[in-house]
Amino acid sequence: MRIDDTKLEAVRNWVDTNFDLFYANIRGDNRWIYQIPNYETFKYPEEFLDIKYELMDMFGVPVYAGQDRDIYDAIGVQIEGGFTHSHLDNNEGDNIHFRLNVLASKSISGGMPIIADEIIEVEEGEPWICYSGIEWHSTTEVKGDKRRILLTYGFTLPKDDRFFDGVWNDYRKEMFLV
């Protein structure tokens, strides 16, 4: 599973031209974010939304999944020294928060996701899912002069939705106290 590089290139170009829309992420140095709470009033590259639907199809996310109302869908940029601290995202009651992610730009070194203490090696355009409301997650530190650009799409679904069949291992049950 990979996202076509022409779509990723369009998003990279959009980031270059619209970086003034991004704001410094208060959770760490060398990090910026652009959040898209809704697609009617916020600027975004058309390919960003295309990629969202493509990822939803790849991972079988039902169309009735709710939008995360904390981070929303977003584009994150990190440069050398940037990293994401270890954390759990907020769930909404019995609704589990999860995110579909893909790197539009992979740093020279570092910037790899860490999920439940495991480093996940991903390439540019290679998507992954994080059950971010029930898995501690972070990243390794970005190294080198190539920035890391993350496309991240947030969803919520009830914990007993069939989408989560097979997801409830012991670690995740402990995190959510199922």
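Is Ile3 buried or exposed? I noted first that the model is predicted. Then I looked up the residue. Ile3 has a relative accessible area of 4%. The cut-off for buried is under 20%, so Ile3 is buried.

**Entry: Ile3**

I placed Ile3 in the segment before H1. I then listed its contacts, leaving aside neighbours within four places in sequence. Ile3 touches Leu8, Ile51, Glu54, Leu55, Met58, Val102 and Gly125. I also checked one C-alpha distance. Ile3 and Pro127 are 124 residues apart along the chain, and their C-alpha atoms are separated by 7.5 Å.

**Entry: Ile108**

I turned to Ile108, in the loop between E5 and E6. Ile108 has a relative accessible area of 58%. Exposed means over 50%, so Ile108 is exposed. I looked for its contacts beyond four places in sequence. They are Lys143, Gly144, Asp145 and Lys146. Ile108 and Gly93 are 15 residues apart in sequence and 39 Å apart in space.

**Entry: nonpolar cores**

I searched for nonpolar cores next. The largest has 36 residues. Those with the most contacts inside this core are Ile51, Val61, Ile75, Phe98, Leu151 and Phe164. I then sorted the core by element. Helix H1 (5-17), E2, helix H2 (46-59), E4, E5 and E10 each give two or more residues. The largest share, six residues, comes from H2.

I also found a second, separate core of seven residues. Met112, Ile115, Trp128 and Cys130 are among them.

I went back to Phe98 for its contacts, again leaving aside neighbours within four places in sequence. Among them are Val61, Phe163 and Phe164. Phe98 also contacts Ile129, Cys130, Tyr131 and Ser132. A further run takes in Tyr153, Gly154, Phe155, Thr156 and Leu157.

**Entry: salt bridges**

How many salt bridges does a search of the whole structure find? I got eleven.

I started with Lys7 and Glu54. Their side chains meet in a salt bridge at 2.8 Å, N to O. Lys7 lies in helix H1 and Glu54 in helix H2, so the pair ties together parts that are 47 residues apart in sequence. I checked the accessibility of both partners. Lys7 is at 23% relative accessibility and counts as partly exposed. Glu54 is partly exposed as well, with a relative accessible area of 24%. I had already listed Glu54 as a contact of Ile3.

I went on to Arg12 and Glu124. Their closest N and O atoms are 3.6 Å apart, and the two form a salt bridge. Arg12 sits in helix H1, and Glu124 sits in the loop between strand E7 (118-119) and E8. The pair links distant parts of the chain, 112 residues apart. Both Arg12 and Glu124 are buried.

I ended with Lys52 and Asp73. Their salt bridge is 2.7 Å, N to O. Lys52 is in helix H2 and Asp73 in strand E4, 21 residues apart. I found both Lys52 and Asp73 buried.

I then looked for shared partners. Asp5, Glu9, Arg12, Glu124 and Lys146 are joined by salt bridges into one network.

**Entry: the largest pocket**

What volume does the largest pocket have? I read about 680 Å³. The pocket is lined by 36 residues. Closest to its centre are Arg31, Ile33, Ile71, Thr84 and His87. E4 gives the largest share, five residues. By class, I counted 16 nonpolar, 14 polar and six charged residues in the lining.

**Entry: Ser138**

Ser138 is buried, with a relative accessible area of 13%. Thr84 is one of the residues closest to the centre of the largest pocket, and Met112 is in the second core.

Terms used
Residues are numbered from 1 along each chain as its sequence is written. This is a predicted model: local features need pLDDT of at least 70, side-chain atom pairs count only at pLDDT 80 or more; totals for chains, interfaces and linings use all residues. Side-chain values use heavy atoms; hydrogens and water are left out. On a 1 Å grid over the protein atoms alone, a cavity is a set of points where a 1.4 Å probe fits but cannot get out, and a pocket is an open set with protein on both sides within 12 Å along at least five of seven lines; lining residues have an atom within 4 Å of a point. Grid points are joined across faces, edges and corners, and a volume is the space filled by probe spheres set on the points. Helices (H or I, at least four residues) and strands (E, at least two) are DSSP runs, numbered from the N terminus. Ala, Val, Leu, Ile, Met, Phe, Trp, Tyr, Cys and Pro count as nonpolar, Asp, Glu, Lys and Arg as charged, and the others, Gly among them, as polar. Buried means under 20% relative accessible area, exposed over 50%, partly exposed in between (1.4 Å probe, protein chains only). Contact means heavy atoms within 4.5 Å. A nonpolar core is a set of buried Ala, Val, Leu, Ile, Met, Phe, Trp, Tyr and Cys residues joined through side-chain atoms within 4.5 Å. A salt bridge is a side-chain nitrogen of Lys or Arg within 4 Å of a carboxyl oxygen of Asp or Glu.
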